Amino acid sequence: MGERTLTDCECKTITGSVRIDRLELVNGEALDKVEIAYEQVGNKNGELIIVCHALTGNQYAKGTEEEKGWWHSFIGPGSYIDTNDYQVITMNVLGGCNGSTGPTSLNPDTGEKYGRKFPSVTIRDMVHAQYLALRKLGYEKAKAVIGGSLGGMQVLEWGVLYPEYADILIPMAVTPYFTDYALAFNCIGRRAIMTDPLWNNGDYRENEMLKGLEIARMVGLVTYRSAGLFNHRFNRERKHTEDSAMEYQVDSYMKYQGEKFTRRFDANSYLCLLEAMDQFDIGWKRSGWRQALCRIKRRVCMIGFSKDLLYPTSMIRETVEELKAHGKSANYVEVETEFGHDGFLVEFDKWGFEVKRLLEKKERREVTHV
């Protein structure tokens, strides 16, 4: 692409939502008047990059200078996903609580919030909704789909459900199915929420600070990063609390993160998305995950992160080997990091160039350790 200066109009960030009149779900139910909220940024004439967010993420991948998005430093002019060259769209998943239809939305049939009555949705439902939304926005094809964790699940489903839509698939920190070990942590989080005295079978008061949701978030945080990172960061340090008692710094950190999370995320939505993760298996009703991979037609680059408790790199490597055994164009990048699972949200200098190089179609080795 020749160098030129893009106008503000060509690069501005747009936020909005797309209405889908009727969405058929995998479980046989249907949702009417579905809204899918999105953020759109970059060169409006450039090729499309679809960014898929993780469990507690949202559509604000880039965000603004005042309120930076969760991938603010990864997306932008001259960055790893270069908005001078590409148009980038991120959509809040179906079942989320940042503008897309989910438990906090009004049921058009009753005029009341869905709450716990929101139907069970799967990763496939999320991808179907995104596809329909993109079609409504006028996008018939994408250069790439990229995302980590729950976002990586979406990337794999994109490759199977719509194998011709994107030229490149970049699933990060994800395996072809959700393991029992990962399920166990979600079980703890779910139990913490549903046994909270204020839970009220999902009919809790608006803005209720559920202690169960705080605990669920704490459980998640422990799995997202490595033991070494926690030990190095806190080093058993203690501090005085407001009542002059002594408290470990890690205790203070965990409580702060739990409380902060309850102010921005809905408990019913969290449970909805946990269930979608629990159910994730690329091979469900497809004769197994190995056979499901046969449906992928485009280039795949899977990125794994060392010390990831939830999505072990050995399984990711095995997935890539299976793709190659079926004659698919696939490669694996393993990132050495103390951040563990959260590696896809930080330390872009360690792995971002691999994404940039892939998008620019530069030659590279089939397997890389960075």
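1. The model is predicted, and the points that follow should be read with that in mind. A search of the whole structure turns up two cavities of 30 Å³ or more.

2. Around it lie Trp158, Gly159, Tyr162, Pro163, Tyr165, Ala166, Leu169 and Arg298. Helix H3 (150–161) and strand E8 (166–172) are the elements that give two or more residues to this lining. The lining of the second largest cavity divides into six nonpolar residues, one polar and one charged.

3. The structure holds 23 aromatic pairs. In one of them, the ring centres of phenylalanine 74 and phenylalanine 348 are 5.2 Å apart and the planes are at 50 degrees, so the pair is tilted. This pair links distant parts of the chain, 274 residues apart: phenylalanine 74 is in the loop between strand E3 (47–52) and strand E4 (75–76), and phenylalanine 348 is in helix H11 (residues 348–359). Phenylalanine 74 has a relative accessible area of 0% and is buried; phenylalanine 348, at 12%, is buried too, because the cut-off is under 20%.

4. A second pair to inspect is that of phenylalanine 305 and tryptophan 351, with ring centres 6.0 Å apart. The planes of these two rings are at 85 degrees, so the pair is edge-to-face. Phenylalanine 305 belongs to strand E11 (residues 299–305) and tryptophan 351 to helix H11, 46 residues apart. Phenylalanine 305 is buried at 0% relative accessibility, and tryptophan 351 is likewise buried at 0%.

5. Which residues form one aromatic cluster? The members are Trp70, Trp71, Phe74, Tyr80, Phe305, Phe348 and Trp351.

6. Valine 333 counts as buried, with 0% relative accessibility.

7. Two arginines have the charged end over an aromatic ring. The charged end of arginine 217 sits over the ring of phenylalanine 261, 4.6 Å from its centre. For arginine 238, the charged end sits over the ring of tyrosine 248, at 4.7 Å from the ring centre.

Note on methods. Residues numbered from 1 in each chain as written. Predicted model: local features only at pLDDT ≥ 70, side-chain atom pairs only at ≥ 80, totals over all residues. Heavy atoms only, no water. 1 Å grid on protein atoms, 1.4 Å probe; cavity = no way out; pocket = protein on both sides within 12 Å on 5 of 7 lines; lining within 4 Å. Points joined across faces, edges and corners; volume = space filled by probe spheres on them. Helix = DSSP H or I, 4+ residues; strand = E, 2+ residues; numbered from the N terminus. Nonpolar A, V, L, I, M, F, W, Y, C, P; charged D, E, K, R; others polar. Buried < 20%, exposed > 50% of the residue type's maximum accessible area, 1.4 Å probe, protein only. Phe/Tyr/Trp six-rings, centres within 6.5 Å; stacked < 30°, edge-to-face > 60°. Lys NZ or Arg CZ within 6 Å of the ring centre and 35° of its normal.
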